[in-house]
Amino acid sequence: MLEPTYQADVVVVGAGIAGLSAARRLTSAGVTTMVLEAAHEVGGRMATEKVDGFRLDRIGRLLSTAYPELRLTPGLDGLALSLFAPGVLLHSDGRHHRAGVQPGTRGARGALHAVRALASAPRPGPGPRRPVAVPGRQVSAPRSRTGAPLGTAVDQARLGAAFTKLAGTPVERLLARPEMPAAEALVARGLPARTIDGFLRPLLSALLCDPDLTTSSRSADLALRAFASGRLCLPEGGAEALPQQLARTLPPGTVHTGVRVTSVSTNSVTTAEHGEFRCGAVLIATGARAAAELLPGLRVPGFHPVTVVHHTTDEPPATGASLLLDADRGGPVAHTAVVSRVDPSRAPAGRTLVTSTVLGPHTPDIDTAVRVHLARLYGMSTARWETLGVHHTAEAVPAMRPPHDLRRTVRLLAGLYVCGDHRDTGTVQGALHSAHRASAAILADLGVGRPLHTADPVPTARAA
Ligand SMILES: Cc1cc2nc3c(=O)[nH]c(=O)nc-3n(C[C@H](O)[C@H](O)[C@H](O)COP(=O)(O)OP(=O)(O)OC[C@H]3O[C@@H](n4cnc5c(N)ncnc54)[C@H](O)[C@@H]3O)c2cc1C
């Protein structure tokens, strides 16, 4: 039981990655911190379910080794990342071709914390210029909707040059571009239809969890820049590895699970189970809707719903550790991968785990539609594949429609702060970065890390 009279400098509401990383920054600065989490486990949306020795993420996680906060967040130093094969594998007209491979980013650039993963990373799949026949399918030249072949050396050279340029473009320059929905920006920038339909549209849909590309072009540019600068990856052992790693680095007794906060003020929180807790400041690190329940008037964005389907099969598809996208958009699956090839720890020895992500609202009998689509994508029968789990999250990712404020304020009042992916970009990077900003604002208000001058605004909360 918690002592209702317990005092902490800061109470953090929510033990997702935003709340945990903020807590880590605060405790490292000597600020006593208590994290209250409504669920019985930490991690929020980054949960991993264990079924028959498989580790099944509730989310179709795609991280990039180029997410700056994976490097900057204290406590994530030892996080092992399992790398996908370079670029992505695109399915078009019954063929696979690899695209988006950056010669300069094949290695460990940006993967400072992925040393173990790099050492054991599966060999890259077929080279970028060689189309790969889907086993069991008739081989025909891949063609875009414009009738021209896709995945040719010219396509690869064009993309390679574009990505090299993008990776070297400063973020500020990208953010200075006119803002519009990503789908419009792809056309407005004069890109060839074959590049848009054959590569950028499926890639961006997967990265943004947004099938219609209504997302702000600025957020889309940042997602493409991260793709161009690093490697797609997964936390080794499941998405939960990331929040668990953060939780382990906190002083014992910091996190309290099974405690639901029902109201907040600048110097106290009230909980459903343990009454009131007094404190110096409160940081709300819940999802957007729960934050607005605690702070009426806080903006609630729209959301992109996501369904993740896990299968196992005795006969592994031959796509190696690649992320496979469907340029033809011939079914519900946005992206799929033989995840046990990317991260063998997610399946029992000798077993195969295929994880597929469907974007959009939940539809009945999604598993059948997914199997039919996967049979086309992998070029093999999926009739005997076993379904391990189907997870639908209606409010998976906050929508980032234009005009989208990438740095929404995290300091509401001295003593009352808010962070989470809805204050930044709807990604792991955004959640961690918002926590970085919020903890900096709290420390500044507390006067921690710098001498207090008489001209300083009087903080309402102080470090002990
Ligand atoms: C299906 C899916 C796919 C995704 N795909 C990607 C992707 O490919 N790439 C990417 O970067 N990101 C992706 N994301 C987004 C990413 O998972 C989130 O941005 C990130 O996990 C958000 O973390 P958070 O800490 O802000 O919020 P959350 O993880 O939602 O944590 C909030 C916590 O607050 C707790 N809480 C809520 N109310 C209360 C209360 N009243 N009292 C106490 N505790 C409370 C909740 O239980 C929860 O643990 C995906 C998300 C989903 C669901």
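Because the model is predicted, local features need pLDDT of at least 70 and side-chain atom pairs count only at pLDDT 80 or more, while totals for chains, interfaces and linings use all residues. Residues are numbered from 1 along each chain as its sequence is written, and side-chain values use heavy atoms, with hydrogens and water left out.

The protein chain as a whole comes first. Its secondary structure comes to 13 helices and 21 strands, where helices (H or I, at least four residues) and strands (E, at least two) are DSSP runs numbered from the N terminus. Of the 464 residues in the protein chain, 57% are buried; buried means under 20% relative accessible area, exposed over 50%, and partly exposed in between, with a 1.4 Å probe and protein chains only. The protein chain exposes about 18,600 Å², and carbon and sulfur atoms supply 55% of that area. Such areas come from the Shrake-Rupley method with a 1.4 Å probe, and for residues only the protein chains shown count as cover. Among contacts (heavy atoms within 4.5 Å) between residues at least 6 apart in sequence, 74% join residues at least 24 apart.

The ligand is the next subject. There are 35 residues around the ligand, and Glu37, Arg45, Arg61, Asp421 and Val428 come nearest; a residue is near a molecule if one of its heavy atoms lies within 4 Å of it. An oxygen atom of the ligand is 2.6 Å from an N or O atom in the side chain of Glu37. A ligand oxygen atom is also 2.9 Å from a polar backbone atom of Arg45, and one is 3.3 Å from an N or O atom in the side chain of Tyr67. Taken alone the ligand exposes 1,000 Å², of which the protein buries 93%. The elements giving two or more residues to the shell around the ligand are α1 (17-28), β2 (33-37), β19 (386-398) and α13 (428-446), and β19 gives the most, with three residues. By type, the shell divides into 19 nonpolar, ten polar and six charged residues. Here Ala, Val, Leu, Ile, Met, Phe, Trp, Tyr, Cys and Pro count as nonpolar, Asp, Glu, Lys and Arg as charged, and the others, Gly among them, as polar. The ligand lies between domain 1 (6-47 + 240-301 + 402-446) and domain 2 (56-124 + 149-237 + 303-398), because both give residues to the shell; the domain bounds come from an automatic or database domain assignment.

Asp424 is found in the loop between β21 (416-418) and α13, and is buried, with a relative accessible area of 3%. A polar contact of 3.2 Å joins the side chains of Asp424 and Arg437; a polar contact is a pair of N or O atoms within 3.5 Å, and within protein one must be able to donate a hydrogen and the other to accept it, while residues adjacent in sequence count only if both atoms are side-chain atoms. Not counting residues up to four places away in sequence, Asp424 touches residues including His404, Asp405, His433 and Arg437.

Arg371 is found in helix α12 (residues 366-378) and is buried at 15% relative accessible area. Ala399 lies in the loop between β19 and β20 (411-413), and at 5% relative accessibility Ala399 counts as buried. Leaving aside neighbours within four places in sequence, Ala399 is in contact with Pro301, Gly302, Phe303 and His304.
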